[in-house]
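Please read the numbered points beside the sequence and the model.

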Amino acid sequence: MLGLINRVLVGVITASLLVAKGYTHKDVVLLANIMYLENGSTGRNDDENRQILIMTGQVVINRTKQEGWGGDTIEKVLYSPGQYAKDS
């Protein structure tokens, strides 16, 4: 139970930080969805799984800051041809 509470708190804090940096609620939801869809439950321990999820999210955010990845928003990057699943 404590592990679940910890994950929820980390998620809330992360979402709050993203919104504070100018990302919208929709951005946060899209990012969370792609992080889960790309990795799901990997079967690894909690620390390894958390690190993989963070890396996935960071890749998306980095792509918003660089040309050639489909756009300057999380939504544009995720829906850019060849990037991620269209039903995410």
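1. Pro81 is exposed in this predicted model, with a relative accessible area of 70%. The classes used here are buried for under 20% relative accessible area, exposed for over 50%, and partly exposed in between, with a 1.4 Å probe and protein chains only. Pro81 belongs to the segment after helix 4. Its C-alpha is 9.2 Å from that of Trp69, although 12 residues separate Pro81 and Trp69 in sequence.

2. On the basis of the model: it is predicted, local features need pLDDT of at least 70, side-chain atom pairs count only at pLDDT 80 or more, and totals for chains, interfaces and linings use all residues. Residues are numbered from 1 along each chain as its sequence is written, and side-chain values use heavy atoms, with hydrogens and water left out.

3. On confidence: pLDDT is the predictor's confidence in each residue, from 0 to 100. The protein chain has a mean pLDDT of 78, and 75% of its residues reach 70 or more. Among the elements, the lowest mean, 68, belongs to helix 1 (residues 2-20), and the highest, 91, to helix 4 (residues 74-78). Where pLDDT is low, the predicted coordinates should not be read in detail.

4. On the overall fold: the protein chain contains four helices and zero strands. These terms denote DSSP runs numbered from the N terminus, helices being H or I with at least four residues and strands E with at least two. Of the 88 residues in the protein chain, 27% are buried. A contact means heavy atoms within 4.5 Å. Among contacts between residues at least 6 apart in sequence, 38% join residues at least 24 apart.

5. Which residues have the most contacts inside the largest nonpolar core? They are Leu18, Leu31, Ile34, Val60, Ile74 and Leu78, in a core of 13 residues. Helix 2, helix 3 (46-64) and helix 4 each supply at least two residues of this core, and helix 2 gives the most, with five residues. A nonpolar core is a set of buried Ala, Val, Leu, Ile, Met, Phe, Trp, Tyr and Cys residues joined through side-chain atoms within 4.5 Å.

6. Leu18 touches Tyr23, Val28, Leu31 and Ile61, not counting residues up to four places away in sequence. Leu78 lies in helix 4 and is buried, at 0% relative accessibility. Leu78 and Leu30 are 48 residues apart in sequence, yet their C-alpha atoms are 8.2 Å apart in space.

7. How many salt bridges does the rule give? The count comes to two, a salt bridge being a side-chain nitrogen of Lys or Arg within 4 Å of a carboxyl oxygen of Asp or Glu. One joins Glu75 and Lys26, with the closest N and O atoms 3.1 Å apart. Glu75 lies in helix 4 and Lys26 in helix 2 (residues 25-39), so this pair ties together parts that are 49 residues apart in sequence. Glu75 is partly exposed at 31%, and Lys26 is partly exposed at 47% relative accessibility.

8. Asp72 forms a salt bridge with Lys76, with the closest N and O atoms 3.4 Å apart. Asp72 is exposed, at 53% relative accessibility, whereas Lys76 is partly exposed, at 45%.
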